[in-house]
Structure formats: C-alpha cells, structure tokens
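Student: I have a model open and would like to learn how to read it. Could we go through it feature by feature?

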Amino acid sequence: PSIFGTLFERTLEPEKRSQIGAHYTSRQDIVTLLEPVVMQPLRREWAEVKAECDKLSSALAAAKTAAAKRKKIQQRDKTLRHFVERLAHVTILDPACGSGNFLYVALHLLLDLEKEVISFAARHGIGLLPQVRPTQLAGIEISAYAQELASVVIWIGYLQWMHHNGFNPPSNPVLEPIESVRRMDAILDLSDSENPREPEWPEADFIVGNPPFLGDKLMRSSLGDEYVARLRTLYDDRIPGQSDLCCYWFERARAEIAVRRAKRAGLLATQGIRGGANREVLNRIKASGNV
C-alpha cells in the first residue's frame with residue numbers, strides 16, 4: 001500500500017493534492033481503525049461459532065449411536081460453512097478510497113480471519129476453501145486515475161495473500177472488474193445542476209476511510225464559491241456552514257447507519273473535528289447512535 005499510496009500522491013500536482021486533502025495513510029493507522037470497527041465484531045461472531053463447534057464436538061464424543069454421531073458432525077459442518085459464507089458476504093465501503101489502501105488492508109484482514117476458520121475446520125476433518133473476494137469491497141473516488149489504481153491495488157493485495165498463504169488464485173483475476181469502486185463525488189451530486197442532491201453510496205456493512213481534510217477557510221478558494229455554496233445549502237439542516245470538509249463524510253456515514261444501509265463506521269480525522277462548528281457532526285452522531 002505504501003508504494004501505491006506514494007505513487008498516487010506524486011501523480012497529483014501539489015496544489016491539487018492540497019485541494020482534495022489527499023495523503024497516504026500508514027498501515028498502522030489503517031489497522032488501528034479497522035480492528036475495532038470491522039474485525040472485533042467479526043471475531044466476536046467467530047468466537048461464538050467456535051464455542052458452538054466445541055459444544056457439538058463434546059456432544060459427538062458422548063453420542064451413543066452412529067446416527068447421533070453423524071447428526072452432530074453434520075451440525076458442526078453446517079455451522080462452520082455458514083460462517084465462511086458469512087465472511088464471503090461482508091461488504092466494506094471506503095467513500096474516499098484514493099489508491100485503495102484501506103480496502104487493501106481490510107481484504108487481508110478478512111482473508112486472515114477466513115484462513116483461521118479454514119484451519120479450525122481442517123482440524124475437525126472439514127475441507128473448506130477461501131470464499132472472500134475483492135468484489136466484496138466498494139469505494140468512491142472522484143479521480144479517474146485513483147479509481148483505476150484502487151481496483152489494481154485490491155487485486156494485487158488479493159493475489160499476494162493467496163500466494164503467500166498457499167492457495168491457488170484464479171487464472172485471470174484482473175479481467176474481472178471491480179464495478180463497486182465508483183468514480184463520483186461522494187458528497188454532492190451535480191448531475192442535475194438545477195437540483196443538487198446527495199449521492200447514493202453503495203450499501204455496505206462497514207464504512208471506513210480517511211476522508212479529505214480541508215479547513216473551512218480554505219474550502220471556497222480550493223473548491224470554488226459555487227460548489228461550496230451548493231454543498232452547504234444541501235446539508236444546511238445538519239452541518240453548520242463553518243464546518244471542515246471531512247465533516248460531510250462523517251454525517252453521510254451516520255446517515256447510512258440511521259437508515260440501516262450500514263452497520264458500523266469508522267473514519268479518520270484531525271483533532272479539529274472536536275471543536276467549533278465541527279463539533280456538531282459528532283453531537284449528531286452521538287444522538288442518533290444512542291437511539
């Protein structure tokens with residue numbers, strides 16, 4: 001990710017980089033966010049599955065008849081297969097994906113957990129294969145170059161993991177496009193110039209990322225008066241006009257959870273989000289999150 005993150009940054013003109021708040025996020029920071037938001041809930045589910053399997057194993061050892069033993073084996077087999085299928089349907093969205101670093105790391109973490117399940121199943125005589133795929137990931141990116149780069153990065157991450165963990169990757173993986181990495185503005189849809197609206201984000205279990213930071217005072221000079229005016233009018237009832245750019249991603253993520261199009265979200269921001277007008281977006285998250 002560091003190579004592609006640097007590549008993405010250096011293809012941008014310095015003023016453009018500043019304008020969109022683009023910068024590479026270290027793997028350590030990415031994992032710091034992904035662990036509590038995505039992986040801990042999944043690991044809690046896995047712990048429950050393992051406990052159920054251990055319970056079935058104990059019942060199997062105590063079973064008196066061949067039929068009873070077969071039933072317990074089938075139940076354990078079904079329990080493990082269902083959880084692997086569960087992991088294969090986890091969806092993760094980065095609504096400001098840049099070169100895809102968050103999605104790359106998220107994919108590796110999902111595959112690591114799936115491998116743990118496969119290893120556990122093998123010890124009980126159950127053969128399972130990886131089902132987690134890059135197409136479970138979704139991204140939003142306004143740059144056409146970054147959109148293409150993110151798709152390549154995700155596939156490279158998948159191929160790397162499969163190779164290093166002894167699994168056979170598909171023969172022609174890059175021929176399968178990741179349609180869920182979309183090129184669009186994540187916070188303002190101007191396709192109908194007379195009626196600006198909020199863009200529709202892909203539905204996902206988890207929303208993660210590092211949205212672009214741009215302070216209130218620089219938004220007009222960097223994004224243009226007309227764009228900022230339309231943006232602030234559209235979100236006027238939820239985000240104070242003096243808020244920094246990243247606040248719009250926080251509010252959109254909150255709204256996705258509120259309407260049950262997402263379950264959890266975690267976004268990085270500067271400490272400035274804790275004060276001034278920015279604070280309102282956190283207050284709204286707390287209010288709706290406590291319901």
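Student: What is the handedness of the crossing where α3 passes α5?
Tutor: A crossing is left-handed if the near helix is turned anticlockwise from the far one by less than a right angle, and right-handed if clockwise. Here α3 passes α5 in a right-handed crossing. Helices (H or I, at least four residues) and strands (E, at least two) are DSSP runs, numbered from the N terminus. This is a predicted model, where local features need pLDDT of at least 70 and side-chain atom pairs count only at pLDDT 80 or more, while totals for chains, interfaces and linings use all residues. Residues are numbered from 1 along each chain as its sequence is written, and side-chain values use heavy atoms, with hydrogens and water left out.

Student: At what angle do α3 and α5 pack?
Tutor: Axes are lines fitted to C-alpha atoms, for helices over the stretch in contact, and angles run from 0 to 180 degrees between N-to-C directions. Helix α3 (residues 27–62) and helix α5 (residues 101–123) pack at about 20°, and their axes are 10 Å apart. α3 is therefore roughly parallel to α5; angles under 35 degrees count as roughly parallel, over 145 as roughly antiparallel, 65 to 115 as roughly perpendicular and the rest as oblique. The contact of α3 with α5 has 17 nonpolar, two polar and six charged residues. For these classes, Ala, Val, Leu, Ile, Met, Phe, Trp, Tyr, Cys and Pro count as nonpolar, Asp, Glu, Lys and Arg as charged, and the others, Gly among them, as polar.

Student: Which helices cross at roughly 125°?
Tutor: Those are helix α7 (residues 216–223) and helix α8 (residues 225–234), whose axes come within 6 Å. That angle makes α7 oblique to α8. Contact means heavy atoms within 4.5 Å. Among the residues that meet are Asp216 and Met219 in α7, and Tyr227 and Arg232 in α8. By class, this contact of α7 with α8 has six nonpolar, no polar and four charged residues.

Student: In what order do the five strands form the sheet?
Tutor: Strands of a sheet pair through backbone hydrogen bonds, either parallel or antiparallel. Two strands pair if DSSP finds at least two bridges between them. In this open sheet the order is β3-β2-β1-β4-β5, with parallel pairing. β3 (181–183) and β5 (264–267) are the edge strands, each pairing on one side only. From one strand to the next, the twist averages 15°.

Student: How many bridges join β2 to β3?
Tutor: Strand β2 (residues 137–141) pairs with β3 over three bridges, in the parallel sense.

Student: Is β2 mostly covered or uncovered?
Tutor: Buried means under 20% relative accessible area, exposed over 50%, partly exposed in between (1.4 Å probe, protein chains only). β2 is mostly covered, with five of its five residues buried. Leu137, Gly139 and Glu141 lie on one side, and Ala138 and Ile140 on the other. Helix α5 lies across β1 (92–94), β2 and β4 (206–209), running at about 160° to β1.

Student: Where is Leu190, in a helix, a strand or a loop?
Tutor: Leu190 is in the loop between β3 and β4. Leu190 is partly exposed, at a relative accessible area of 34%. Leaving aside neighbours within four places in sequence, Leu190 is in contact with Pro196, Tyr227 and Arg230.
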